[in-house]
Amino acid sequence: MFRKCMIPIISSVSLGIGALVGAKLERCKQSLNVEGKSLLAFPSVLAVKLDDVTTPVQEAGGRPSSVIPVNRSQEIMRFGFPGFDQVRTFDNYVMSYDRRNRNAHWVFEHLTPQNLAYDESVHRGNSEFREDTSIHQYFRSTNYDYRRTRYDRGHLAAAQNHRMSQNALDQTFFLSNTSPQVGEGFNRGLWNDLEKYVRAVARNNKNVYVCTGPMYLPRLESDGKVYVKYEVIGANQVAVPTHFFKVIVIENLNGQFELQSYLLPNQMLPVDTPLKKYFCHLDSIERSAGLLLFDKIPRNMFRKINGVKQ
């Protein structure tokens, strides 16, 4: 008799709870509409799932909790996140910034014959190196950091790649787009040659995508142990990378792809050294830098990798 009485009651309560949850979810969906698009369609928005609502949390000791589990990230991080890998977009390149080392993680460019066209109204002489004030003052480099050092403010997104407008060129002179590079024999030598080569390739192909960044590689010391060591300069302790990588994907006029990946030590290099000497396996760069580069292109789509037909 008791069970017969309880079943209708439980059914009624269940239907009531279901209706209440359904109504609340519907109101939540309506409140998340922005310009006619539901934010629930965006993967970055955390939504409560129905199975989360109906499944109790287990407390210590295995006892079910009466608290309904929801995503608590907003509550936990009420006073702000300690940091993110900061991604910044400019007119003609995109960057991820490493606040700890006061260098970029990577800089990404898309070059075509059209956006490399020479504009006589654009002058490099009108551009000046300047702090990137979008980055907190704790984490950015300044011109003073480079004073009385042997290092150039070496571009990652090369200035000459961005002469489509004066503003695009000026943006390459943000210090967030520079790293301490050995001047004679590197920044003004083989690294410059590599930048010129990339532009020459871009002028003769449909698209060229370029990813450039610093590296801090380990080395074997005299005690037989392996260390990661690098110099820091200036009051802001800007890290001096041990190496730099540049990876380019070339799409020719027939839609075929080629990949070239370079790794150069940040030191004086012989000027007559062929660039192909610094070819490096892409997976070696990815593992050392902690990055996945051009991973949306299957490797079997590349007609050539580092000059070798596939």
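Is R188 buried or exposed? At 52% relative accessibility, R188 counts as exposed; exposed means over 50% relative accessible area, buried under 20%, and partly exposed in between, with a 1.4 Å probe and protein chains only. The model is predicted: local features need pLDDT of at least 70, side-chain atom pairs count only at pLDDT 80 or more, and totals for chains, interfaces and linings use all residues. Residues are numbered from 1 along each chain as its sequence is written, and side-chain values use heavy atoms, with hydrogens and water left out.

Side chains of opposite charge can pair when their charged atoms come close. A salt bridge here is a side-chain nitrogen of Lys or Arg within 4 Å of a carboxyl oxygen of Asp or Glu. The structure holds 7 of them.

One of these joins R188 to D152, at 2.8 Å from N to O. This pair links distant parts of the chain, since R188 belongs to helix 5 (residues 183–203) and D152 to strand 6 (residues 151–155), 36 residues apart. Helices (H or I, at least four residues) and strands (E, at least two) are DSSP runs, numbered from the N terminus. D152 is buried, at 16% relative accessibility.

R188 also forms a salt bridge with E184, at 3.6 Å from N to O. Both residues lie in helix 5, 4 residues apart, about one turn of the helix. Through shared partners, salt bridges join D152, E184 and R188 into one network.

Another salt bridge pairs E131 with R140, whose closest N and O atoms are 2.8 Å apart. E131 is partly exposed, with a relative accessible area of 30%, while R140 is buried at 15%.
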